[in-house]
Amino acid sequence: MSGEQVSGHIPTQRDRKVQRSVDPAIYRQRNLIERFFNKLKHFRKVATQYEKTARNYLAAILIASSRLWMRQYESAS
């Protein structure tokens with residue numbers, strides 16, 4: 001997506017008079033990312049920002065992400 005203009009892809013509520021159009025493929029990708037961050041917040045170290053330095057916090061995020069990926073990989077096979 002280099003150089004593309006990206007707009008928000010949050011659908012409007014049904015009771016609004018002016019409805020925005022939403023690309024289903026982009027909305028699906030956005031939903032996947034939101035669900036990933038929600039799962040990531042279940043790890044206490046990540047949610048509370050327990051680590052003091054940016055390097056250690058990034059390491060905690062990478063470990064939590066790896067655990068989530070392995071859990072997903074195991075359930076898929």
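Exposed means over 50% relative accessible area, buried under 20%, and partly exposed in between (1.4 Å probe, protein chains only). This is a predicted model, in which local features need pLDDT of at least 70, side-chain atom pairs count only at pLDDT 80 or more, and totals for chains, interfaces and linings use all residues. Residues are numbered from 1 along each chain as its sequence is written, and side-chain values use heavy atoms, without hydrogens and water.

Start with the aromatic rings. The structure has 2 aromatic pairs. Rings of Phe, Tyr and Trp (its six-membered ring) pair if their centres lie within 6.5 Å; planes under 30 degrees apart are stacked, over 60 edge-to-face, and the rest tilted. Phenylalanine 36 and phenylalanine 37 make an edge-to-face pair, 5.8 Å centre to centre with 70° between the planes. Phenylalanine 36 is partly exposed at 33% relative accessibility. Phenylalanine 37 is partly exposed at 46%.

Tryptophan 69 and tyrosine 73 form a stacked aromatic pair, with 5.3 Å centre to centre and 15° between the planes. They are 4 residues apart in helix H3, so about one helical turn separates them. Helices here are DSSP runs (H or I, at least four residues), and strands are E runs of at least two, numbered from the N terminus. Tyrosine 73 has 53% relative accessibility, so tyrosine 73 counts as exposed. Tryptophan 69 is exposed too, with a relative accessible area of 56%.

Now turn to arginine 35. Arginine 35 sits in helix H1. Its relative accessible area is 47%, so arginine 35 is partly exposed.
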